[in-house]
Amino acid sequence: DAQESRGLGDVYKRQDQSIKLNPDNKWAYINKAGAQAERSDLPNALATTQELTRRFPDWSIGYNLQASLLDAMDREAQALSAYQKAVAAKPASALILTNMGNLQRRLGRLSDARLSYEQALRLQPGYPLAESELNSMPK
């Protein structure tokens, strides 16, 4: 366990160094947050995504990861807000719309979920995840 912790500390140091050397590298933040989340360090993973979305407020992928983390932390209202920011940002993504629809569905907002799945399919016709979710919706 001590060796694993040391190894993880090295990973975090490398990711921090990567961000320090090139603070415009969005993927360094994503990699760092992913490693933190993989180790169940959700609060620090969330802090990393918050730093990412502050630095790159128009990048949908950062908000999508932030929303997923908030959802995993049972902070659904904040997660939904982050998904809405992701949908408004670039690049447009059928996956993000489907993720938002899944959360809306779990929250009982079925008409909103249906709209999110339909919007995903307009963006990417035939997108299997959105099709599957939409087809499983109550009529």
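Asn64 is buried, with a relative accessible area of 13% (buried means under 20%, exposed over 50% and partly exposed in between, with a 1.4 Å probe and protein chains only), and this residue lies in helix 4. The model is predicted, so that local features need pLDDT of at least 70 and side-chain atom pairs count only at pLDDT 80 or more, while totals for chains, interfaces and linings use all residues. Residues are numbered from 1 along each chain as its sequence is written, and side-chain values use heavy atoms, with hydrogens and water left out.

**Surroundings of Asn64**

- Leaving aside neighbours within four places in sequence, Asn64 is in contact with Tyr83, Ala86, Ile96 and Asn99, where contact means heavy atoms within 4.5 Å.
- The side chains of Asn64 and Asn99 are joined by a polar contact of 3.0 Å (a pair of N or O atoms within 3.5 Å, of which, within protein, one must be able to donate a hydrogen and the other to accept it, and residues adjacent in sequence count only if both atoms are side-chain atoms).

**Packing of helix 4 and helix 6**

- Helix 4 (residues 60–72) packs against helix 6 (residues 94–106) at an angle of about 25 degrees, with the axes 11 Å apart; helices are DSSP runs of H or I with at least four residues, numbered from the N terminus.
- The two helices are therefore roughly parallel to each other, a term for angles under 35 degrees.
- Ser60, Asn64 and Asp71 of helix 4 and Ile96, Asn99, Leu103 and Arg106 of helix 6 make the contact.

**Asn25**

- Asn25, in the loop between helix 1 (2–21) and helix 2 (26–38), is partly exposed, with a relative accessible area of 26%.

Definitions and conventions. Axes are lines fitted to C-alpha atoms, for helices over the stretch in contact, and angles run from 0 to 180 degrees between N-to-C directions. Angles under 35 degrees count as roughly parallel, over 145 as roughly antiparallel, 65 to 115 as roughly perpendicular and the rest as oblique.
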